[in-house]
Amino acid sequence: MKALGQKRIIIALFMAAFCFCMATIIYAEDSNKDKPVPKPTPTAGIISTPLPTPVEPVNLAQGKTVTVSSVEKEELKGSNAVDGDIATRWGSEFSDPQWIAVDLGAKYVVNRIIFRWDEAFGKNYTIQVSDDTISWHVVKEIRGSMGGADDISISAAGRYVRMYGLDSGTSHGFSLREFEIYSY
Ligand SMILES: [Ca+2]
(Lines give C-alpha, C1' and ligand atoms only; values in the text may rest on other atoms or scores of the structure.)
Protein backbone atom coordinates (compact mmCIF):
# COMPACT_ATOMS: atom_id res chain seq x y z
CA MET A 1 0.00 0.00 0.00
CA LYS A 2 2.85 2.31 0.79
CA ALA A 3 4.40 1.83 -2.69
CA LEU A 4 1.07 2.51 -4.33
CA GLY A 5 0.79 5.80 -2.42
CA GLN A 6 4.24 6.86 -3.54
CA LYS A 7 3.38 6.03 -7.11
CA ARG A 8 0.31 8.26 -6.92
CA ILE A 9 2.34 11.09 -5.48
CA ILE A 10 4.86 10.77 -8.33
CA ILE A 11 2.09 10.75 -10.91
CA ALA A 12 0.49 13.77 -9.23
CA LEU A 13 3.81 15.62 -9.23
CA PHE A 14 4.37 14.69 -12.86
CA MET A 15 0.90 15.96 -13.81
CA ALA A 16 1.46 19.16 -11.87
CA ALA A 17 4.79 19.71 -13.63
CA PHE A 18 3.16 19.00 -17.00
CA CYS A 19 0.35 21.49 -16.36
CA PHE A 20 2.86 24.11 -15.25
CA CYS A 21 4.86 23.69 -18.46
CA MET A 22 1.74 23.92 -20.64
CA ALA A 23 0.58 27.02 -18.80
CA THR A 24 3.96 28.64 -19.30
CA ILE A 25 3.93 27.88 -23.05
CA ILE A 26 0.40 29.25 -23.50
CA TYR A 27 1.30 32.39 -21.56
CA ALA A 28 4.39 32.91 -23.67
CA GLU A 29 2.35 32.61 -26.88
CA ASP A 30 -0.17 35.13 -25.59
CA SER A 31 2.64 37.50 -24.64
CA ASN A 32 4.07 37.29 -28.15
CA LYS A 33 0.71 38.36 -29.59
CA ASP A 34 1.05 41.72 -27.87
CA LYS A 35 4.52 42.38 -29.17
CA PRO A 36 4.66 44.79 -32.10
CA VAL A 37 5.48 43.19 -35.38
CA PRO A 38 8.65 44.79 -36.67
CA LYS A 39 7.95 46.69 -39.83
CA PRO A 40 10.19 46.05 -42.80
CA THR A 41 12.75 48.74 -43.28
CA PRO A 42 11.75 50.74 -46.34
CA THR A 43 14.38 50.65 -49.07
CA ALA A 44 15.65 53.92 -50.40
CA GLY A 45 13.70 55.21 -53.42
CA ILE A 46 16.72 56.79 -55.10
CA ILE A 47 18.17 54.75 -57.92
CA SER A 48 21.82 55.58 -58.31
CA THR A 49 22.48 55.72 -62.03
CA PRO A 50 25.69 57.45 -63.11
CA LEU A 51 25.12 60.37 -65.48
CA PRO A 52 26.69 59.96 -68.93
CA THR A 53 29.99 61.74 -69.20
CA PRO A 54 29.88 64.47 -71.86
CA VAL A 55 32.10 63.58 -74.73
CA GLU A 56 34.56 66.29 -75.56
CA PRO A 57 34.91 66.96 -79.28
CA VAL A 58 38.26 65.85 -80.63
CA ASN A 59 40.32 68.28 -82.67
CA LEU A 60 41.19 66.11 -85.66
CA ALA A 61 43.90 68.50 -86.82
CA GLN A 62 45.99 68.40 -83.67
CA GLY A 63 49.36 66.80 -84.25
CA LYS A 64 48.69 66.09 -87.91
CA THR A 65 50.95 66.88 -90.86
CA VAL A 66 50.76 70.43 -92.19
CA THR A 67 51.87 71.99 -95.45
CA VAL A 68 52.04 75.74 -95.98
CA SER A 69 52.63 78.10 -98.88
CA SER A 70 55.44 79.95 -97.05
CA VAL A 71 56.83 80.92 -93.68
CA GLU A 72 57.93 84.35 -92.54
CA LYS A 73 60.80 82.69 -90.66
CA GLU A 74 61.79 79.21 -89.62
CA GLU A 75 60.36 79.33 -86.11
CA LEU A 76 56.91 80.28 -87.44
CA LYS A 77 56.48 76.87 -89.07
CA GLY A 78 53.16 75.42 -90.17
CA SER A 79 53.02 72.70 -87.50
CA ASN A 80 52.68 75.46 -84.89
CA ALA A 81 49.06 75.85 -86.05
CA VAL A 82 48.15 72.29 -85.02
CA ASP A 83 50.17 71.80 -81.84
CA GLY A 84 47.29 72.61 -79.45
CA ASP A 85 49.27 75.52 -78.02
CA ILE A 86 47.69 78.95 -78.43
CA ALA A 87 51.07 80.58 -77.74
CA THR A 88 52.69 79.27 -80.93
CA ARG A 89 51.75 80.26 -84.47
CA TRP A 90 52.30 79.82 -88.15
CA GLY A 91 53.29 83.04 -89.91
CA SER A 92 53.42 83.40 -93.68
CA GLU A 93 55.40 85.78 -95.84
CA PHE A 94 53.89 89.25 -96.10
CA SER A 95 51.99 88.75 -99.33
CA ASP A 96 48.71 87.39 -100.72
CA PRO A 97 47.63 84.71 -101.36
CA GLN A 98 48.86 82.22 -98.73
CA TRP A 99 47.56 78.85 -97.62
CA ILE A 100 47.87 76.17 -94.96
CA ALA A 101 46.70 72.57 -95.46
CA VAL A 102 46.23 69.82 -92.86
CA ASP A 103 46.49 66.12 -93.72
CA LEU A 104 44.02 64.33 -91.44
CA GLY A 105 45.54 60.96 -92.39
CA ALA A 106 42.18 59.60 -93.58
CA LYS A 107 38.97 60.90 -95.03
CA TYR A 108 36.67 62.51 -92.46
CA VAL A 109 33.33 64.22 -92.46
CA VAL A 110 34.07 67.73 -91.21
CA ASN A 111 31.39 69.82 -89.54
CA ARG A 112 33.23 72.59 -87.79
CA ILE A 113 36.44 74.53 -88.17
CA ILE A 114 37.91 77.12 -85.83
CA PHE A 115 40.67 79.47 -86.93
CA ARG A 116 42.42 81.20 -84.04
CA TRP A 117 44.21 84.07 -85.68
CA ASP A 118 47.18 86.05 -84.55
CA GLU A 119 47.21 89.80 -85.25
CA ALA A 120 47.84 89.14 -88.95
CA PHE A 121 44.47 87.55 -89.66
CA GLY A 122 42.82 86.32 -92.82
CA LYS A 123 40.18 88.79 -93.92
CA ASN A 124 38.97 86.98 -97.04
CA TYR A 125 39.64 83.30 -97.51
CA THR A 126 38.10 80.00 -98.53
CA ILE A 127 38.00 76.59 -96.89
CA GLN A 128 38.80 73.76 -99.26
CA VAL A 129 38.90 69.97 -99.00
CA SER A 130 40.67 67.37 -101.07
CA ASP A 131 41.33 63.65 -101.17
CA ASP A 132 44.60 63.89 -103.11
CA THR A 133 45.95 67.50 -102.72
CA ILE A 134 45.50 67.89 -106.48
CA SER A 135 41.79 68.52 -106.82
CA TRP A 136 40.51 71.01 -104.23
CA HIS A 137 36.86 71.77 -103.57
CA VAL A 138 35.76 75.06 -102.04
CA VAL A 139 33.26 74.30 -99.29
CA LYS A 140 33.07 77.72 -97.62
CA GLU A 141 33.99 81.28 -98.47
CA ILE A 142 34.64 83.75 -95.70
CA ARG A 143 34.46 87.47 -96.45
CA GLY A 144 35.26 90.31 -94.06
CA SER A 145 36.58 88.39 -91.07
CA MET A 146 37.55 90.63 -88.19
CA GLY A 147 40.17 88.19 -86.88
CA GLY A 148 40.21 86.73 -83.38
CA ALA A 149 38.53 83.34 -83.65
CA ASP A 150 36.48 82.35 -86.69
CA ASP A 151 34.15 79.51 -85.64
CA ILE A 152 32.73 78.09 -88.85
CA SER A 153 30.09 75.41 -89.49
CA ILE A 154 30.57 73.42 -92.67
CA SER A 155 29.44 70.15 -94.18
CA ALA A 156 32.22 68.49 -96.11
CA ALA A 157 34.31 65.37 -96.36
CA GLY A 158 37.97 64.96 -97.22
CA ARG A 159 41.38 63.88 -96.07
CA TYR A 160 43.00 67.28 -96.58
CA VAL A 161 41.54 70.56 -95.33
CA ARG A 162 43.00 73.87 -96.47
CA MET A 163 42.62 77.51 -95.56
CA TYR A 164 43.29 79.41 -98.74
CA GLY A 165 43.96 83.03 -97.80
CA LEU A 166 42.95 85.53 -100.48
CA ASP A 167 43.42 88.79 -98.58
CA SER A 168 45.12 89.40 -95.26
CA GLY A 169 43.46 91.81 -92.85
CA THR A 170 46.84 93.52 -92.36
CA SER A 171 49.97 94.02 -94.40
CA HIS A 172 51.71 91.16 -92.57
CA GLY A 173 50.46 88.10 -94.36
CA PHE A 174 48.59 85.32 -92.53
CA SER A 175 49.32 84.22 -88.99
CA LEU A 176 47.39 81.39 -87.42
CA ARG A 177 47.74 80.27 -83.81
CA GLU A 178 45.46 77.22 -84.13
CA PHE A 179 43.70 75.49 -87.02
CA GLU A 180 41.06 73.25 -85.39
CA ILE A 181 38.96 70.71 -87.28
CA TYR A 182 36.02 68.80 -85.80
CA SER A 183 33.72 66.05 -86.96
CA TYR A 184 30.43 65.75 -85.03
CA1 LIG B 1 49.72 76.84 -81.85
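Predicted model: local features only at pLDDT ≥ 70, side-chain atom pairs only at ≥ 80, totals over all residues.

Q: OK, on to the core: how many residues does the largest nonpolar core have, and which have the most contacts inside it?
A: The largest nonpolar core has 28 residues, and those with the most contacts inside it are Ile-100, Val-102, Val-161, Met-163, Leu-176, Phe-179 and Ile-181. Strands S3, S4, S6 (149-168) and S7 (175-182) each supply at least two residues of this core, with S3 giving the most, namely eight residues. As a general background, nonpolar side chains in soluble globular proteins tend to be buried together.

Q: You listed Phe-179, so what is Phe-179 in contact with?
A: Leaving aside neighbours within four places in sequence, Phe-179 is in contact with Ala-61, Ala-81, Val-82, Ile-100, Val-102, Phe-115 and Met-163.

Q: Let's look at Leu-60, is that one buried or exposed?
A: Leu-60 is buried, because 20 other C-beta atoms lie within 10 Å, and 20 or more is the cut-off for calling a residue buried. Leu-60 is found in the loop between helix H1 (2-34) and strand S1 (65-68).

Q: Which residues does Leu-60 touch?
A: Not counting residues up to four places away in sequence, Leu-60 touches Leu-104, Tyr-108, Ile-181, Tyr-182 and Ser-183. The C-alpha atoms of Leu-60 and Val-102 are 9.5 Å apart in space, while the two residues are 42 apart in sequence.

Q: Switching to strand pairing, in which sense do S4 and S5 pair?
A: S4 and S5 pair in the antiparallel sense over five bridges. Within this pairing, Tyr-125 stands opposite Ile-142 in S5, and Gln-128 has Val-138 in S5 as its bridge partner.

Q: And how many bridges join S4 to S6?
A: Eight bridges join S4 to S6, and these strands also run antiparallel; here Ser-130 stands opposite Tyr-160 in S6.

Q: Back to Val-138, what else can you say about that residue?
A: Val-138 is found in strand S5 (residues 137-142), and it counts as exposed because it has 12 C-beta neighbours inside 10 Å. Leaving out residues up to four places away in sequence, Val-138 touches Thr-126 and Gln-128. The C-alpha atoms of Val-138 and Arg-162 are separated by 9.2 Å, and these residues lie 24 apart along the chain.

Q: What sits in the hairpin of S4 and S5?
A: That hairpin has six residues between the strands, and Thr-133 takes a positive phi near 65° there. Thr-133 is not a glycine, and for context, most residues other than glycine have a negative phi. Thr-133 is also exposed, because 12 other C-beta atoms lie within 10 Å.

Q: Which residues does a cis peptide bond join?
A: A cis peptide bond joins Asp-96 and Pro-97, with omega at about -5°, and Pro-97 is found in the loop between strand S2 (90-91) and strand S3 (98-117). In general, most peptide bonds are trans.

Q: Last one, where is Val-71 found?
A: Val-71 is found in the loop between S1 and S2, and it counts as partly exposed because it has 17 C-beta neighbours inside 10 Å. Setting aside neighbours within four places in sequence, Val-71 is in contact with Leu-76, Lys-77, Gly-78, Gly-91 and Ser-92.

Key
Residues numbered from 1 in each chain as written. Helix = DSSP H or I, 4+ residues; strand = E, 2+ residues; numbered from the N terminus. Contact = placed C-beta atoms within 7 Å. Core = buried A, V, L, I, M, F, W, Y, C linked by C-beta atoms within 7 Å. Pairing = 2+ DSSP bridges.
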